[in-house]
Amino acid sequence: MSSRQPRFNQQVLIDTTPLPDSIPKVKEIGASSAPLLSASFFIGARCKAFNDDYMMCKTESNGRGELECMKEGRKVTRCAASVIKDINENCLSEFRVHWQCLENHNQQLWNCRSEERRLNKCVFTKLKLEKTIPDTPKGEEQVHLRKYQIFASH
């Protein structure tokens, strides 16, 4: 048994150092993981160019890209926030039903396919954003379009 007494620090540490003026300010998205997962493919569809720029910057900076790639990261955040805002304005009820289903089913997409189909239809109709899963083999049906899901519990 150790003779050292445990010490617990309950203080919240906040770094008050301001970012440089060269880095544009952006408001954080403020969404939890379920809404972000629900909208992730639509964010990927609209923000592909920004995501690619950010990832290229991170790759070229060899692990030192925290500040060097901040501008690109802020563009990604702004784009993702615009997608969430547009979905909330145009398809709020479908979006809410889908991400709540994800929240209640351990964020397993296959358990929420019927809700996902309604969301996909609304987003495509109103925002012209289509869900496509990257690297799906040519000629094979996208997993979210299959009529019968293998792992679905309902």
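Reply: The S-S bond between cysteine 47 and cysteine 79 has a torsion of about -95°, so this disulfide is left-handed. A disulfide here is a pair of cysteine sulfur atoms within 2.5 Å, and in this pair the S to S distance is 2.0 Å. Distant parts of the chain are linked in this way: cysteine 47 lies in the loop between H1 and helix H2 (48-60), cysteine 79 lies in helix H4, and the two are 32 residues apart. Helices are DSSP runs of H or I with at least four residues, strands are runs of E with at least two, and both are numbered from the N terminus. Cysteine 47 and cysteine 79 are both buried; the term buried stands for under 20% relative accessible area, exposed for over 50%, and partly exposed for values in between, with a 1.4 Å probe and protein chains only.

The model is a predicted one, in which local features need pLDDT of at least 70 and side-chain atom pairs count only at pLDDT 80 or more, while totals for chains, interfaces and linings use all residues. Residues are numbered from 1 along each chain as its sequence is written, and side-chain values use heavy atoms, with hydrogens and water left out.

The link just described belongs to a wider set. Four disulfides are found when the whole structure is searched. If the bonded cysteines of the protein are numbered in sequence order, the pairing reads 1-4, 2-3, 5-8, 6-7.

Another of these links joins cysteine 57 and cysteine 69, whose sulfur atoms are 2.0 Å apart. This bond is left-handed as well, with -95° about the S-S bond of cysteine 57 and cysteine 69. Here, too, distant parts of the chain are connected: cysteine 57 is in helix H2 and cysteine 69 is in the loop between helix H3 (65-68) and H4, twelve residues apart. Cysteine 57 counts as buried because its relative accessibility is 15%, and cysteine 69 counts as buried at 1%.

A further disulfide connects cysteine 91 with cysteine 122, at an S to S distance of 2.0 Å. The torsion about the S-S bond of cysteine 91 and cysteine 122 is about -95°, and the disulfide is therefore left-handed.

A nonpolar core is a set of buried Ala, Val, Leu, Ile, Met, Phe, Trp, Tyr and Cys residues joined through side-chain atoms within 4.5 Å. The largest such core has 16 residues, and Phe42, Ile43, Ile87, Leu119 and Val123 have the most contacts inside it. Helix H1 (33-46), helix H4 (70-90) and H6 each supply at least two residues of this core. H4 gives the most, with five residues.

The chain over residues 91-124 is 74% helix and 0% strand, and its end C-alpha atoms are 10 Å apart.

Helix H5 deserves attention next. The buried residues of H5 are Phe95, His98, Cys101 and Leu102. They fall within an arc of 135° seen down the axis of H5, so they line one face of the helix; the arc is that of the directions from the helix axis to the C-beta atoms. An α-helix has 3.6 residues a turn, so residues three or four places apart point the same way. The cover over the buried residues of H5 includes H1, H4 and H6.

Asparagine 106 is in the loop between helix H5 (92-104) and helix H6 (113-127). Its phi is positive, about 55°, although asparagine 106 is not a glycine. Asparagine 106 counts as exposed because its relative accessibility is 64%. Glutamine 107 lies in the loop between H5 and H6 and has a positive phi near 55°. With a relative accessible area of 29%, glutamine 107 is partly exposed.

Terms used: Contact = heavy atoms within 4.5 Å.
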